[in-house]
Amino acid sequence: MSIFQRRNQGVHPNYAKHTSGSELKPLNRIDHVSIPVSMQIGPPPKAIVAKGDHVQVGQVIAEGDAYMSVPVHASVSGEVLEITSEVQSNGRACQVIKIKNDKRFTPYEQLAPPRVESKEDFIKAVRAAGLVGLGGAGFPTHIKLSPPSDKPIDYLLVNGMECEPYITSDDWLIRHKAAEIMQGIEAVLKWCEIPQAIIGMEDNTPEALIAMEEALKNSSCKDKVKVKALSSVYPRGAEKVLIRNFTGREVPSGGLPHDVGCLVQNVGTLRQIAEYLNTGMPLVTRIITMAGPALNRPGIYEVPIGAPIKDLIDLGGGLSKVAAKVIMGGPMMGVAVTSLNSPILKMNNAILVFDNESCDLGEELPCIGCGRCVRDCPMHLIPTELDRLSRKFDAENLILYGIDDCMECGACSYICPSKRYLVQHIRIGKQTVRSYRADQAALAAANSKKEDKA
């Protein structure tokens with residue numbers, strides 16, 4: 001039992017939440033935005049504007065026919081400069097819509113709160129808002145709110161556990177927008193017919209806890225909602241870990257939260273649902289943390305989606321040291337950008353800038369078999385074995401050892417005394433498994449054609 005409890009705990013990095021308590025500052029006087037149409041899991045929409053068109057804030061500029069596709073909206077008003085293809089921070093090329101910012105931020109004249117009288121209306125409104133999970137994954141929110149009919153949901157879990165180091169965007173949001181978060185919770189409970197909700201938070205954010213409890217007192221659904229706080233341990237904010245800690249339920253291997261009757265939503269997503277229902281303004285800005293030892297003025301900023309990272313750093317006070325690495329997201333699960341021209345995406349919640357000294361990983365040494373990575377893996381995996389198999393490109397055994405269940409939280413790499421590049425090689429292993437499955441599917445299709453001809 002003691003081992004199980006420890007494995008649930010994860011690790012304790014230096015949280016460095018230096019921006020906690022900062023005032024929100026707008027950072028929108030940039031010259032142009034570059035808005036990728038692909039900012040979600042699933043088929044991306046396509047541009048419906050052309051070069052030379054004048055657009056306004058909140059106007060749809062990309063839309064798709066696929067149900068999983070969510071629309072993309074203009075985050076500034078101004079002229080469409082060009083529509084081109086660019087490689088994004090994930091290494092994939094996608095269509096990008098560049099808009100010259102006229103710095104007037106004129107709202108689209110047709111914006112209006114949606115009329116919601118049924119669950120179907122509600123799901124359509126969430127999709128029209130351009131919402132994807134704002135916790136980082138980018139999964140379309142309207143799909144998440146529509147589980148299979150044979151998977152009834154009895155818990156809405158509200159994720160207010162900002163467990164990544166440095167990031168305090170959700171902390172600011174809860175402190176200052178708790179009432180709107182509660183409105184989003186009320187809407188989801190009502191239209192998705194969920195009987196109860198738990199707002200999961202960490203005990204190292206006392207001001208946010210007080211704000212959330214005060215908002216709950218004034219809520220129409222206060223009898224259905226509870227605020228619960230746990231000690232701050234990374235990665236308790238991860239979806240499956242959150243479910244385990246607050247309900248005692250274990251999402252099965254390869255399963256989803258709805259398999260155990262749970263729906264998980266980030267506080268930012270719920271606040272944006274309320275924003276759209278109240279005003280009709282879709283998702284066009286992000287509240288982000290800009291932090292790291294190489295920045296002059298770390299803080300909390302509201303920025304237009306599509307804003308170039310370089311411009312944000314310059315407008316935010318510039319660099320105090322030479323930047324060695326810039327990360328979108330947190331230091332544990334974020335993505336290092338290859339170009340400072342990369343834009344802010346819907347699912348970005350932070351830009352971290354590190355100098356050479358702070359991002360030196362050290363020399364990778366042989367594994368000493370200490371077992372710390374196994375002890376602290378929140379998904380109960382064996383990272384050392386996944387690392388070994390990934391380096392051998394052994395797809396079959398990687399599947400056998402549960403690589404699909406790894407959420408790449410980085411706890412294993414963080415705790416390793418030999419500085420093994422565990423999560424980095426596990427990511428390569430996942431690519432090996434994807435290629436293997438694609439090859440197997442192609443082989444099965446070819447064999448099926450042969451049998452049909454015979």
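Me: Buried means under 20% relative accessible area, exposed means over 50%, and partly exposed lies in between (1.4 Å probe, protein chains only). Which class does glutamate 239 fall into?

Reply: Glutamate 239 counts as partly exposed, at 27% relative accessibility. Before we go on: this is a predicted model, so local features need pLDDT of at least 70 and side-chain atom pairs count only at pLDDT 80 or more, while totals for chains, interfaces and linings use all residues. Residues are numbered from 1 along each chain as its sequence is written, and side-chain values use heavy atoms, with hydrogens and water left out.

Me: What does glutamate 239 meet in a salt bridge?

Reply: The general idea: a side-chain nitrogen of Lys or Arg lies within 4 Å of a carboxyl oxygen of Asp or Glu. Here the partner of glutamate 239 is lysine 144, at 2.9 Å, N to O. Lysine 144 sits in helix α3 (residues 141–144) and glutamate 239 in helix α6 (residues 239–247), so the pair ties together parts 95 residues apart in sequence. Helices (H or I, at least four residues) and strands (E, at least two) are DSSP runs, numbered from the N terminus. Lysine 144 is also partly exposed, at 28%.

Me: How many salt bridges does a search of the whole structure find?

Reply: The search finds 25. One of them joins lysine 430 and glutamate 408, at 3.1 Å, N to O. Lysine 430 is in helix α13 (residues 422–453), whereas glutamate 408 is in the loop between α11 (395–400) and α12 (411–415). Lysine 430 is buried, at 14% relative accessible area. Glutamate 408 counts as buried too, at 19%. Elsewhere, salt bridges with shared partners join Glu364, Asp387, Arg391 and Arg420 into one network.

Me: How do I read a helix such as α5? Which of its residues are buried?

Reply: An α-helix has 3.6 residues a turn, so residues three or four places apart point the same way. Then look at burial. Ala208, Leu209, Ala211, Met212, Ala215 and Leu216 are buried.

Me: What do the buried residues of α5 pack against?

Reply: Contact means heavy atoms within 4.5 Å. The buried residues of α5 pack against α4 (169–191), β10 (197–202) and β11 (225–230).

Me: Which residues touch the most other members of the largest nonpolar core?

Reply: A nonpolar core is a set of buried Ala, Val, Leu, Ile, Met, Phe, Trp, Tyr and Cys residues joined through side-chain atoms within 4.5 Å. The largest has 80 residues, and Phe122, Ile185, Val188 and Met212 touch the most other members. Helix α4 gives the most to this core, with 11 residues. A second, separate core of 13 residues includes Tyr15, Met332, Cys373 and Cys412.

Me: In what order do the strands of the open sheet run?

Reply: Two strands pair if DSSP finds at least two bridges between them. The open sheet has 4 strands in the order β2-β8-β7-β4, with antiparallel pairing. Its edge strands are β2 (32–36) and β4 (54–55), each pairing on one side only. Inside the sheet order, 9 bridges join β7 (residues 78–87) to β8 (residues 93–101). Glycine 78, for instance, has asparagine 101 in β8 as its bridge partner.
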